Amino acid sequence: MFGITHIKLLIKLLMRKKYTFSVKKRCLSYNLPLYVNRRSIVTRKTSLGSNVNFNGMTISGGGNITIGNNFHSGDNCLMISQNHNYDYGSAIPYDDTYILKDITIKDNVWFGSRVIVLGGVTIEEGAIIQAGSVVVSDIPYCGIAGGNPAKVFKYRDIEHYESLKKQGRFH
């Protein structure tokens, strides 16, 4: 009948269904397919393109989050779309108001594990963000960025990227 391997696989599949259902139920909009392989949290202001793959994503804050098609994330990634009002608030170190900042992730973007993206950032199409990076400013088309704060250190081979895109070769 079923061995321990089969049972573990069944549990893994059931958990994926649970995680995916939770994201679908909570987000503003999504397109299929949607793959949520580990526990992930989104806000009601999160819009997801098609073929989005989360492997443990936490999205928080009151800003709008837009994620394009063919997005992939590594483990334990975080997007924060609000900040405490420390400059113009009524108390120190901050008051009970927030500054909301949208985050936009374009098509075909890949995050390594433990990437953090702060509000007000746009990551353009085809970008790759290195594991452990903290993204505090915009990342250009096909840019490969890493560090804290994340800086572009290389670009994809754009001709090859465009060729694969034209052929519809998406993972």
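Is Cys 27 buried or exposed? I looked it up, and Cys 27 counts as buried, at 9% relative accessibility. My cut-offs are under 20% relative accessible area for buried, over 50% for exposed and partly exposed in between, with a 1.4 Å probe and protein chains only.

**Ground rules**

I am working on a predicted model, where local features need pLDDT of at least 70, side-chain atom pairs count only at pLDDT 80 or more, and totals for chains, interfaces and linings use all residues. I number residues from 1 along each chain as its sequence is written, and my side-chain values use heavy atoms, with hydrogens and water left out.

**Entry: the chain as a whole**

I find 2 helices and 15 strands in the protein chain. These are DSSP runs numbered from the N terminus, with helices (H or I) of at least four residues and strands (E) of at least two. The C-alpha trace spans about 65 × 40 × 25 Å along its principal axes. Of the 171 residues, 37% count as buried. I also took the contacts with a separation of 6 or more, and residues 24 or more positions apart account for 19% of them. Contact here means heavy atoms within 4.5 Å.

**Entry: cysteines**

I searched the whole structure for disulfides (pairs of cysteine sulfur atoms within 2.5 Å) and found 0.

**Entry: the largest nonpolar core**

By nonpolar core I mean a set of buried Ala, Val, Leu, Ile, Met, Phe, Trp, Tyr and Cys residues joined through side-chain atoms within 4.5 Å. The largest one has 30 residues, and Phe 54, Ile 67, Phe 71, Met 79, Phe 111 and Ile 123 have the most contacts inside it. At least two residues each come from α1 (4-26), β1 (34-38), β3 (52-60), β4 (65-67), β5 (72-80) and β8 (103-105). Strand β3 gives the largest share, 4 residues. In soluble globular proteins, nonpolar side chains tend to be buried together.

Phe 71 touches Asn 51, Val 52, Asn 53, Phe 54, Met 57, Met 79, Ile 105, Val 109 and Phe 111. Ile 123, in strand β11 (residues 122-123), has 0% relative accessibility and counts as buried. Its contacts are Thr 104, Ile 105, Lys 106, Val 109, Phe 111, Val 117, Ile 129, Val 135 and Ile 139. From Ile 123 to Val 52 I read 15 Å between C-alpha atoms, for 71 residues in sequence.

Ser 73 is placed in strand β5 and is buried, with a relative accessible area of 2%. Beyond four places in sequence, Ser 73 touches Asn 53, Phe 54, Asn 55, Met 57 and Phe 111. Its C-alpha atom is 11 Å from that of Ile 116, 43 residues apart along the chain.

Asn 76 also lies in strand β5. Its phi is near 55°, positive in a residue other than glycine, and at 48% relative accessibility Asn 76 counts as partly exposed. In the loop between β4 and β5 I looked at Asn 70, where phi is near 60°, again positive in a residue other than glycine. Asn 70 is buried, with a relative accessible area of 14%.

Pro 149 is in the loop between β14 (143-147) and β15 (150-155).
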